[in-house]
Amino acid sequence: MTLVERRHLEPQTGTAFVIQCGQLLRVVDPTGEQVSDLISFSAADHSEWLSSGRTIDYANTIYLTTGHTLYSNRSRPMWTIIDDTVGRHDFLLTPCSPETFTIIYKTTAHHPSCFENLWRNLASFGIAPDAIPTTLNVFMNVVVLPSGELQILPPRSRAGDYLLLRAEMDLVVGITACSAELSNNGTFKPIDLEILTDDPVETQKDPRRRSGRPQSDERAARASE
Ligand SMILES: [Zn+2]
């Protein structure tokens with residue numbers, strides 16, 4: 001894999017960018033126990049967005065991990081999870097918002113939030129706040145009790161853990177280092193991002209390609225077998 005771009009998110013911040021079809025996004029928790037809210041829109045048509053509902057329907061689980069496809073509201077693949085060193089992420093809860101803090105936390109002063117960090121960064125792509133749906137809450141540890149009650153536990157991620165996703169279409173991506181106390185075991189930490197290209201030589205199963213042998217030699221080698 002070749003690194004295209006690296007971005008560092010300070011605690012309680014966010015960013016937005018375009019990723020091309022086939023490129024990879026690695027979301028890294030550099031210090032541990034930090035959630036990152038991720039949303040995406042088709043770069044060609046922003047009314048196609050990452051859908052929690054469609055994704056959970058087709059995966060038939062709320063716990064998404066390596067091998068799962070993340071779908072759009074039009075049931076088209078947006079992402080594939082390529083690797084996951086944690087195995088616990090949430091796709092049930094919306095990004096924390098100013099109202100999250102007034103309704104749940106009973107705070108009165110302004111509190112940074114994923115929703116605000118998403119819409120402020122996505123605005124430059126012409127995406128309005130009302131267009132932001134449920135986010136994939138990377139590293140967020142939500143447990144459903146038999147009663148149906150949700151329990152938000154500290155993330156299982158340790159320093160250096162990551163989620164690696166492949167973009168299945170050109171996407172506008174918004175992503176944060178989450179601002180909610182409950183989701184992050186009480187403290188706010190950074191998130192690191194890497195945009196990568198998959199090296200086709202590295203992924204080729206034929207070992208002769210890895211040796212860098214020209215294709216004509218390869219054909220000759222096959223013919224002599
Ligand atoms: Zn948040």
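Predicted model: local features only at pLDDT ≥ 70, side-chain atom pairs only at ≥ 80, totals over all residues.
Biologist: In what order do the six strands of the open sheet lie?

Modeller: Strands of a sheet pair through backbone hydrogen bonds, either parallel or antiparallel. Strands (E, at least two residues) and helices (H or I, at least four) are DSSP runs, numbered from the N terminus, and two strands pair if DSSP finds at least two bridges between them. Here the order is β1-β12-β3-β10-β6-β5, with antiparallel pairing. The edge strands, β1 (2-9) and β5 (69-71), each pair on one side only.

Biologist: Which strands does β3 pair with?

Modeller: Six bridges join β3 to β10 (residues 161-167), where Val27 has Leu163 as its bridge partner. Five bridges join β3 to β12, in which Ile195 stands opposite Leu25.

Biologist: Why is helix α3 described as largely enclosed?

Modeller: A residue is buried if 20 or more other C-beta atoms lie within 10 Å of its own, exposed if 12 or fewer, and partly exposed in between, with C-beta atoms placed from the backbone. Helix α3 (residues 114-122) is largely enclosed by the rest of the structure because seven of its nine residues are buried. Among them are Cys114, Phe115 and Trp119. Strand β3 (residues 24-29) is likewise largely enclosed, because five of its six residues are buried.

Conventions. Residues numbered from 1 in each chain as written.
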